[in-house]
Amino acid sequence: MKKNISTWQLALMTAAAVISLRGLPMMAQEELTMFFYIFFATFLFLIPAALVAAELGSAFADRGGGVYTWVKEAFNRKMGFTAIFLQWIQNVVWYPTVLGFAAASIAYMIGKPDLSQNGWFVGVFSIAMYWLATWLTFKGTSIISRITSQGFLLGTVLPGVVIIVMAIIWIAGGNPIAFEHVPDTVTQVVNVNAGHVHPRFFPHMTGISDIAFLAGILLLFAGVEVHAVHVREMKEPQKQFPAAMFLAALISFALFTLGSLAVAIVTPYDQINLQAGLFVSFQQLFGHYHIGWLTNVMGLLAAFGALAGVMSWISGPSRGLLWTANDGQLPDFLKKTNRNGVQTHILFIQGAIVSVLSSLYIIMDDVSVAFFLLSALTIGLYLVMYMMMYASGIKLRYTQPDLKRSYKVPGGKMGMWLIAGVGFLAVAFSFIVTFFPPSQLPVGSPAFYTGLVIVGTVVFVGIPILISTVMARRNRKGQ
């Protein structure tokens, strides 16, 4: 296979998979308590995930397959298939949400922000943009890496840097700091003392539902392992892959932290919108300095960045599924690839599912709560995969101690227990949190919410186990 991905390109592809500007308003809505969530996500999740993925990715650089290979080698094929299936299915539901953000970006670009709330516009745009991304993916990895790296720099990093710089100019100009004027009724993020409202740095918790956003914010930092499937396409994977992981983690931390703080500085609390909140901030900033046309430019760039993020994910987990098909875990027709080695039939099935989910924008009056429910479900599924990945890192230190690892989590077995153990416990805690409806959102009946997430988790974890069992039985009969 042609070696055509550099360390920098893989780092940018990974960062593009991790970072979405759509996440900035979600964290900004937590005001200064965002530092608690970012600290938790970075030091207890992102860094352990990068370290363990770096070791596993370099150890199996000659095989590829990503989390499928890692978990299969540590446990068995059935668990390996379950891990890659969970990674795949969670991002299938994620696509409509990030494509909805791209639709809002275009709405602001053409100067018609009201279209961001128009179901037909958002739905049709999302479906069309997804199939465009799929068509580009058919062109091969070299095209994907170029578009994702350029789209990430122009469509995610550049707008992120612009909002940060403009927030600094806003402060220097003596303009009001929005997080100092949060309503005193929002007790999760502010503290009222002697009639004065003070921002909280630690969330006010009266129950687990008050920190239910933790799992959603954790998901914003997820994906650092997704491009391990491309590790064989690097010239020196044992050296380049760990370096790319660390670089991606550093970029993610810096842009999320400073970008979210910038939105919280500029945008009044009641105007922070999860879908179009970033553009409200741009409108306020550019309008104040009489350069409002720049909001249209940022809309175009952000849409390009969203396309890069979608392409980054299309090429990852679906390629992991191709590995499982070639390993006898899926029917033969899913092995089909084109002349560029791209998994065509898997991508067609994936596109059909995304099109159905995106059509919900058209047929439902309000999809925000419905998609939050779907997001909560997929967050839980993804966290199960991470628990399997951490467990694999620990177990392989014992079952395959002589496996060549050009990068190893420092500290020997105790170091792996510490790093992977911390990551596992953080993910396990966040997994429990997903079963509690957030107090910040009107999700209706808490019992219905919890029941839906429980049933959905059981069903979606059961699907790959059932598929593996059926395929194993079929393979035995075919022998």
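# Aromatic pairs and a helix crossing

A search of the whole structure, which is a predicted model, finds 18 aromatic pairs. One of them joins Phe-282 and Phe-286, whose ring centres lie 5.5 Å apart with the planes at 5°, so this pair is stacked.

- Phe-282 has a relative accessible area of 1%; because buried means under 20%, Phe-282 is classed as buried.
- Phe-286 is likewise buried, with a relative accessibility of 1%.

**Aromatic pair Phe-431 and Phe-435**

- The rings of Phe-431 and Phe-435 form an edge-to-face pair, with 5.1 Å from centre to centre and 90° between the planes.
- This geometry is edge-to-face because planes over 60 degrees apart are placed in that class.
- Phe-431 has a relative accessible area of 18% and is buried.
- Phe-435 also counts as buried, its relative accessibility being 18%.

**Aromatic cluster**

- One aromatic cluster is formed by Trp-94, Tyr-95, Tyr-130, Trp-131, Phe-138 and Phe-348.

**Contact of helices H4 and H5**

- The axes of helix H4 (residues 67-74) and helix H5 (residues 77-109) come within 7 Å of each other and cross at roughly 155°.
- Angles over 145 degrees count as roughly antiparallel, and H4 and H5 are therefore roughly antiparallel to each other.
- The crossing in which H4 passes H5 is right-handed.
- On the H4 side, the contact is made by Val-67, Tyr-68, Val-71 and Lys-72.
- On the H5 side, the contributing residues are Arg-77, Met-79, Gly-80, Phe-81, Ala-83, Ile-84 and Gln-87.
- Sorted by class, the residues in the contact of H4 with H5 comprise 7 nonpolar, 2 polar and 2 charged.

- Thr-42 is located in helix H3 (residues 34-59).
- With a relative accessibility of 3%, Thr-42 counts as buried, since the limit for that class is under 20%.
- Leaving aside residues up to four places away in sequence, Thr-42 touches Ile-47, Pro-48, Phe-221 and Phe-253.

How values were computed:
Residues are numbered from 1 along each chain as its sequence is written. This is a predicted model: local features need pLDDT of at least 70, side-chain atom pairs count only at pLDDT 80 or more; totals for chains, interfaces and linings use all residues. Side-chain values use heavy atoms; hydrogens and water are left out. Axes are lines fitted to C-alpha atoms, for helices over the stretch in contact, and angles run from 0 to 180 degrees between N-to-C directions. Helices (H or I, at least four residues) and strands (E, at least two) are DSSP runs, numbered from the N terminus. Angles under 35 degrees count as roughly parallel, over 145 as roughly antiparallel, 65 to 115 as roughly perpendicular and the rest as oblique. A crossing is left-handed if the near helix is turned anticlockwise from the far one by less than a right angle, and right-handed if clockwise. Contact means heavy atoms within 4.5 Å. Ala, Val, Leu, Ile, Met, Phe, Trp, Tyr, Cys and Pro count as nonpolar, Asp, Glu, Lys and Arg as charged, and the others, Gly among them, as polar. Rings of Phe, Tyr and Trp (its six-membered ring) pair if their centres lie within 6.5 Å; planes under 30 degrees apart count as stacked, over 60 as edge-to-face and the rest as tilted. Buried means under 20% relative accessible area, exposed over 50%, partly exposed in between (1.4 Å probe, protein chains only).
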